[in-house]
2 protein chains.
Amino acid sequence: MYCVIMAGGSGTRFWPRSREGKSKQFLSILSKKSLIQSTLERFRTIVPWENVYVVAKKSQQDEIEKHVSKIPSTNVIYEPVGKNTAPCIGLAAIFIQRKDPNGIMVVSPADHLIKQKSRFSKTILSAVQLADQKNGLITIGIPPGRPATGYGYIQIDGEVGSIDDIPAYKVKTFAEKPNLATAQRFLNSGDFLWNSGLFIFKVSIFLKALKECLPELYHGLMKIKRYIGKPQYENVLMQVYRQIESISIDYGVMEKIKNVYLMKGEFFWNDMGNWEQVYQLSMKDKNGNVLSGDVILLNTKNSFVSAAKGVVAVIGCEDVVVVQEKGATLVCKQDHVEHVKTVVQSLKRKKLHKYI
Amino acid sequence: MYCVIMAGGSGTRFWPRSREGKSKQFLSILSKKSLIQSTLERFRTIVPWENVYVVAKKSQQDEIEKHVSKIPSTNVIYEPVGKNTAPCIGLAAIFIQRKDPNGIMVVSPADHLIKQKSRFSKTILSAVQLADQKNGLITIGIPPGRPATGYGYIQIDGEVGSIDDIPAYKVKTFAEKPNLATAQRFLNSGDFLWNSGLFIFKVSIFLKALKECLPELYHGLMKIKRYIGKPQYENVLMQVYRQIESISIDYGVMEKIKNVYLMKGEFFWNDMGNWEQVYQLSMKDKNGNVLSGDVILLNTKNSFVSAAKGVVAVIGCEDVVVVQEKGATLVCKQDHVEHVKTVVQSLKRKKLHKYI
């Protein structure tokens with residue numbers, strides 16, 4: 001059993017705290033540990049460190065080494081450039097296949113918040129059994145607590161049984177992020193769950209699925225595999241990555257395959273997608289404010305205000321996010337947090353590289 | 001004829017641009033020159049530099065010297081501590097009296113915005129004539145253009161004539177900053193004008209009025225006067241200032257004296273009292289925004305956003321003032337700008353002296 005942590009995200013939605021070399025998974029949000037460190041900790045009781053792989057972007061090598069020092073350095077796999085989740089998981093799969101062709105891999109994003117760790121472990125272990133029994137691709141679906149528009153959804157068919165009290169279902173369809181009306185319909189229907197981004201499958205089954213659904217990616221990966229440990233490896237990797245399509249595992253594989261199952265993840269899960277979610281998850285004072293650093297508020301309610309250095313004063317505002325960090329300040333109405341990533345694009349256009 | 005520029009203000013309403021050593025009169029707002037430099041320029045055609053006096057706080061000596069290098073250094077009078085306008089004008093009066101007992105002084109705040117300079121000069125020169133003719137205290141009143149609640153008002157009685165086409169009136173009462181309903185009533189009545197803070201009178205007449213209305217201050221000033229140019233001067237000044245009451249010329253003198261006149265100041269005047277006024281006076285883009293520095297706005301309207309250093313991004317906001325300067329950021333709804341000075345008090349309480 002192996003664990004693959006996908007740590008290649010750029011996380012521009014947490015600007016100005018997240019920066020090019022320091023994306024979301026490296027931030028300490030709601031905890032002293034970084035998100036990737038908390039993710040590693042979550043798998044500590046499930047697999048030994050030598051069976052944990054991390055896939056990261058080459059450009060983040062310095063930062064990643066600081067956060068994943070517990071696992072063998074040879075288990076950190078670098079992509080020359082991010083190409084979404086299907087190539088990322090595929091690359092980890094060929095490394096694991098070389099070591100253990102019968103391995104089962106548990107794939108996890110590096111930057112989500114999960115609580116109720118023992119229930120999480122139990123769910124993962126049940127999913128591993130299911131993957132073994134069914135020779136299928138297993139997803140973890142989270143029962144939705146609200147009509148969230150920021151998450152993908154998975155629609156389930158009938159229950160196929162349960163393992164250790166964790167119910168399992170056949171998957172009917174994957175749905176992209178819905179609008180509010182659709183999200184409400186999903187919530188009411190009872191057969192749509194949040195797509196947690198957690199996947200469990202045998203390496204062999206996944207690679208077979210890749211061969212079927214994304215043959216170009218599959219052949220590229222097989223080429224890379226032949227050069228692992230050889231001097232030409234980096235060049236071949238670069239060459240393949242230059243050509244392959246950027247595509248998610250959901251869209252590229254999961255939606256096209258019949259043999260896909262879902263295990264119900266009844267633990268607390270949040271993808272920590274933006275500042276508004278961090279606000280929602282934080283302890284608030286009697287005015288509904290969340291403060292950190294040297295902050296002065298007057299007549300201000302339901303706001304998230306953070307000053308990493310320096311001081312921030314907010315007067316007469318409501319429902320805002322204010323984050324001051326490394327010479328940059330974000331002031332954003334909470335219902336506009338999805339636009340934060342656009343700021344990073346504007347900074348690029350304006351060549352303000354220092355703040356990206 | 002002498003000019004006295006009152007430059008002892010602390011101007012905390014422009015935090016975080018204004019700081020303890022750099023108060024409002026030293027800022028360059030809406031112009032490359034600082035407000036005090038623009039004020040000096042305004043008097044250049046009215047009196048020679050050697051007849052211009054500046055009264056400032058001792059603690060701002062370094063900064064003031066940079067801005068008023070044109071006038072003789074002996075014309076810069078320092079107060080050990082600010083005690084509002086009556087002591088400030090009184091202190092200047094005894095210096096001028098020593099030099100010219102028959103002098104007429106024109107008193108002006110250092111930090112107001114005035115346009116239509118030739119009309120301003122003409123008004124001042126007419127007021128000097130009126131002061132000479134009437135042996136009274138002359139104020140300049142600005143015809144109100146809106147029901148401003150941030151200004152004091154002066155109510156006039158009948159017209160007493162005009163000098164060089166500038167009408168003069170007997171003053172009936174002084175009114176403090178009104179609420180909106182009262183301000184509207186003042187505006188409708190037609191006999192209330194904004195109190196510009198500009199005063200014109202013979203030194204002898206002013207000191208006589210001081211003796212009558214504020215005898216303790218008068219006697220303190222007479223004591224100081226005896227030590228001008230002597231080694232004990234600083235000690236005596238300090239001793240007197242420690243004891244005297246902090247009081248404005250309006251409240252301490254003008255309201256109590258019968259022989260007070262007003263000349264109508266039909267030039268553009270603004271006291272630049274806060275960030276919202278600066279916003280109103282600035283050129284706006286098509287979304288009603290005023291920007292300076294490296295600023296990125298998304299879905300933002302009618303806002304004032306300034307980044308002296310670093311970068312500021314504002315998303316989804318309306319009617320806000322955002323000012324980033326020297327490690328501090330202010331985020332303030334425009335209808336709350338009067339509370340900016342409270343931030344400075346909070347910073348003192350929190351001992352964040354670096355940002356005061």
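Trainee: Which residues point one way from β4(A), and which the other way?

Mentor: A:Ile104, A:Val106 and A:Ser108 point one way, while A:Met105, A:Val107 and A:Pro109 point the other way. In a regular strand, side chains alternate between the two faces of the sheet. Keep in mind that this is a predicted model: local features need pLDDT of at least 70 and side-chain atom pairs count only at pLDDT 80 or more, while totals for chains, interfaces and linings use all residues. Residues are numbered from 1 along each chain as its sequence is written, and chains are lettered from A and ligands numbered from 1 in the order in which they are written.

Trainee: How many of its residues are buried?

Mentor: Six of six. Buried means 20 or more other C-beta atoms within 10 Å of the residue's own; 12 or fewer is exposed, in between is partly exposed, and C-beta atoms are placed from the backbone.

Trainee: Which strands sit alongside β4(A)?

Mentor: β1(A), residues 2-7, runs parallel to β4(A) over five bridges, with A:Ile5 opposite A:Ser108. β9(A), residues 192-202, is antiparallel to β4(A) over four bridges, and there A:Met105 faces A:Phe201. Strands pair if DSSP finds at least two bridges between them.

Trainee: Where else does A:Met105 turn up?

Mentor: In the largest nonpolar core, which has 236 residues; A:Met105 is among those with the most contacts inside it, as are A:Val4 and B:Val4. Such a core is a set of buried Ala, Val, Leu, Ile, Met, Phe, Trp, Tyr and Cys residues joined through C-beta atoms within 7 Å.

Trainee: New topic: how many residues does each chain give to the contact?

Mentor: 32 from chain A and 32 from chain B. Contact means C-beta atoms, placed from the backbone, within 7 Å. On chain A's side, β13(A) gives the largest share, seven residues.

Conventions: Contact = placed C-beta atoms within 7 Å. Helix = DSSP H or I, 4+ residues; strand = E, 2+ residues; numbered from the N terminus.
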